[in-house]
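Please read the points below alongside the model.

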Amino acid sequence: MIADLLQVPDELSARVPAEQRGPGLGRDAVRLLVSRGTAEVGQHAFGDLPDLLAAGDVLVVNTSRTLPAAVDGRVGDGRGRGEPVVVHFSTRADRWHPAGRAVAGLWAVELRRPDGHGSTRPRAGGPAGTVVRLPGGARLVLEDPVDPGSVRLWWARVTGVRATELMRRHGRPIRYGYTDRDQPLAAYQTVFAVDAPGGGSAEMPSAARPFTPESVARLVSKGVQFAPVSLDTGVASAEAFEPPYPERFVVPPVTAWLVNAARARRRAAARRHRAARGAPAGRIVAVGTTAVRALESAAGPDGRVRAAAGWTDLVVTPERGVRAVDGLLTGLHEPTASHLLMLEAVASVTADGEALRRAYAAAVRGRYLWHEFGDLHLVLPD
């Protein structure tokens, strides 16, 4: 694992969005690290992306909308002021529960401790029955831990108002201590985000953030296709190598068709031009680890993607490998994040196990920026 070898200096955290780093900059003013198997790591601007892809390639994008999922509250039943906390609403459980039964109104939540600077610090949740007083007279009652072996995330029920309405009125985007200040919700929405009743992500599918209408138009004019999926992300799981837990996803029929058609064209071209230099077009490049998780959850052992919707608990590892994805456009992840197992799976399709370590070492040397407002990493087949 990269965590064994790599330390990311604090100053490489992206503290504000790219468009706030200087006059005349836009969302797309980020850098792009490029890995191609065992080849030397390339360094580009995000604006070079159309030149790095080919007509017939497919970008799979997550259309989930970011929720204002952080809400202030106080622990206690009203007899006294109570302990101030920030509730991070993570995942609505209307169609899934660890016991396998349908429930209504439950959310997986994380209680955080305010740090006095607009951000939060970790805080253990529980015990069951804990009451959190919320704005507007609403209350949150903790019921069960999401993982019996952890006290971080809890299933909880909101009373007095619908949770989505509570967030709309009183919530703000989840913010962590490496950022300088609060940002409006619009700063956490991607150009691909669409409204879905009751749906949304606790944290932004950030790999798509640098895309703008202009960059999308350039890619389309190049012949690159876009295929939508939806995966509602929960709170970040970078603590103590925690794996992701089940999340709601949708792979629509049109995306299954686009991906399968592109892969079929690519296989046919490879057979015709096996001795030709360069890889044929038709690569399936996921934009973000969430898009990988959604698409791979809908892929059979043969790599064929079928329309699917529901909950996925898939964890993509090098041992499991990837079936439908050829490449990945993603941010730079913490060395302890479980997402790195997925990156290793994608990177190892055509490369040795050292490829990802070399790329991350190059990112540190090149002073690339980490986290949701940071730079990007494009992993392509050799």
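1. How much space lies in the second largest pocket? The volume is about 300 Å³, taken as the space filled by probe spheres set on grid points that are joined across faces, edges and corners. A pocket here is an open set of points on a 1 Å grid over the protein atoms alone, with protein on both sides within 12 Å along at least five of seven lines.

2. This is a predicted model, in which local features need pLDDT of at least 70 and side-chain atom pairs count only at pLDDT 80 or more, while totals for chains, interfaces and linings use all residues. Residues are numbered from 1 along each chain as its sequence is written, and side-chain values use heavy atoms, with hydrogens and water left out.

3. The second largest pocket has 15 lining residues (those with an atom within 4 Å of a point), and Leu67, Pro68, Thr164, Arg168 and Gly199 lie nearest its centre. Its lining divides into 6 nonpolar, 5 polar and 4 charged residues. In this scheme Ala, Val, Leu, Ile, Met, Phe, Trp, Tyr, Cys and Pro are nonpolar, Asp, Glu, Lys and Arg are charged, and the others, Gly among them, are polar.

4. The whole structure contains 5 cavities of 30 Å³ or more, a cavity being a set of points where a 1.4 Å probe fits but cannot get out. The largest cavity has a volume of about 60 Å³. Its lining includes Leu67, Trp107, Asp232 and Arg248, and comprises 2 nonpolar, 6 polar and 3 charged residues. Strand 5 (residues 83-92) gives the largest share of that lining, with 3 residues.

5. Ser119 sits in the loop between strand 6 (106-114) and strand 7 (120-122). Ser119 is buried, at 3% relative accessible area; buried means under 20%, with a 1.4 Å probe and protein chains only. A polar atom of the Ser119 side chain is 2.9 Å from the backbone nitrogen of Gly177. Leaving aside residues up to four places away in sequence, Ser119 touches Arg113, Pro114, Arg175, Tyr176 and Gly177, where contact means heavy atoms within 4.5 Å.

6. Overall, the protein has 7 helices and 16 strands, which are DSSP runs (helices H or I, at least four residues; strands E, at least two) numbered from the N terminus. Of its 382 residues, 54% count as buried. Among contacts with a separation of 6 or more, 70% join residues 24 or more positions apart.

Terms used. Buried < 20%, exposed > 50% of the residue type's maximum accessible area, 1.4 Å probe, protein only. Polar contact = N/O pair within 3.5 Å; in protein donor to acceptor, adjacent residues only side chain to side chain.
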